[in-house]
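Here is a short report on one protein model. It covers a pocket, a surface patch and some salt bridges.

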Amino acid sequence: MALTDADVQKQIKHMMAFIEQEANEKVEEIDAKAEEEFNIEKGRLVQTQRVKIMEYYEKKEKQIEQHKKIQMSNLMNQSRLKVLKARDDMIADLLHEARQRLAEIAQDPAMYSTLMEGLLLQGFYRLLEPKVTVRCRQQDVEMVQAAVNKNIPIYKEAVKSNIVVKIDMERFLPSDICGGVEMYNDNGKIKVSNTLESRLELMAQQMMPEIRVALFGVNPNRKFTD
């Protein structure tokens with residue numbers, strides 16, 4: 001049976017509707033796939049950037065922490081240096097005060113005379129030379145000569161040897177020092193400094209650990225005391 005024009009048109013419309021439906025479904029499928037791929041790519045990019053941002057801020061945090069540690073270390077070092085400077089200043093003031101008190105010894109003739117005798121005799125024993133030159137303050141010449149005369153027999157008896165002592169009358173020790181003497185062998189190459197300042201300095205060096213403990217207490221970080 002032959003198809004009428006109406007039947008043909010109807011079938012054509014039916015086929016067109018089917019094709020259109022298939023096309024729409026295909027478009028929807030493509031759109032859905034594209035959306036899925038877009039979301040996947042977007043998620044990947046977001047995650048990548050998120051990791052980069054986290055790494056950036058972790059790096060920044062580490063830099064800040066390191067900077068804080070450096071600053072803290074610098075502040076601690078500065079504070080430590082200030083404490084050490086203050087301690088050194090205190091010790092310097094203490095030694096300055098001791099030197100001022102030391103100068104008062106020369107104001108007491110009896111005490112200074114006895115001290116001078118001890119300084120000279122100690123110098124003789126340290127030099128152990130047959131000829132000794134003594135240098136002193138100009139104002140102490142008379143006292144030194146008396147101490148020398150008193151000590152020569154004592155020295156001779158102790159070491160069983162003669163000694164000739166000369167006071168240097170051309171070069172005197174500065175008059176503003178606290179006192180004491182310098183002693184030389186015959187050629188001047190060996191020197192014993194027994195001025196009150198040198199004795200104070202020597203004593204301060206020897207007793208510095210005890211002085212620091214007395215002033216500042218025991219240092220817990222110090223392993224050795226000498």
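The sections below take these features in turn.

## Basis

This is a predicted model, in which local features need pLDDT of at least 70, side-chain atom pairs count only at pLDDT 80 or more, and totals for chains, interfaces and linings use all residues. Residues are numbered from 1 along each chain as its sequence is written, and side-chain values use heavy atoms, with hydrogens and water left out.

## Second largest pocket

The second largest pocket holds about 210 Å³ of space. A pocket here is an open set of points on a 1 Å grid over the protein atoms alone, where a 1.4 Å probe fits, with protein on both sides within 12 Å along at least five of seven lines. Lining residues have an atom within 4 Å of a point. The volume is the space filled by probe spheres set on the points.

The lining has 13 residues, and Ala98, Arg199, Leu200, Met203 and Ala204 lie nearest the centre. Helices α1 (5-103), α2 (109-127) and α4 (196-216) each supply at least two lining residues. Helix α4 gives the most, with 7 residues. Helices are DSSP runs (H or I, at least four residues), numbered from the N terminus. By class, the lining has 12 nonpolar, no polar and 1 charged residues. Ala, Val, Leu, Ile, Met, Phe, Trp, Tyr, Cys and Pro count as nonpolar, Asp, Glu, Lys and Arg as charged, and the others as polar.

## Nonpolar patch

Val8, Ile12 and Met16 make a nonpolar surface patch of about 240 Å². Patch residues have over 30% relative accessible area and no salt bridge, and nonpolar side chains are joined within 5 Å. Areas come from the Shrake-Rupley method with a 1.4 Å probe.

Val8 lies in helix α1. Its relative accessible area is 31%, so Val8 is partly exposed. Buried means under 20%, exposed over 50%, and partly exposed in between.

## Salt bridges

The whole structure has 10 salt bridges (a side-chain nitrogen of Lys or Arg within 4 Å of a carboxyl oxygen of Asp or Glu). Arg101 and Glu97 form one at 2.9 Å, N to O. Both lie in helix α1, 4 residues apart, about one turn of the helix. Arg101 is exposed at 54%; Glu97 is partly exposed at 35%.

Asp168 pairs with Arg171 at 3.4 Å. Asp168 is buried at 8%, whereas Arg171 is exposed at 52%. Glu182 bridges to Lys191 at 3.6 Å. Glu182 is buried at 13%, and Lys191 is partly exposed at 46%. Shared partners join Arg135, Asp168 and Arg171 into one salt-bridge network.

Notes
Patch = residues over 30% accessible without salt bridge, like charges linked within 9 Å, V, L, I, M, F, W, Y side chains within 5 Å. Buried < 20%, exposed > 50% of the residue type's maximum accessible area, 1.4 Å probe, protein only.
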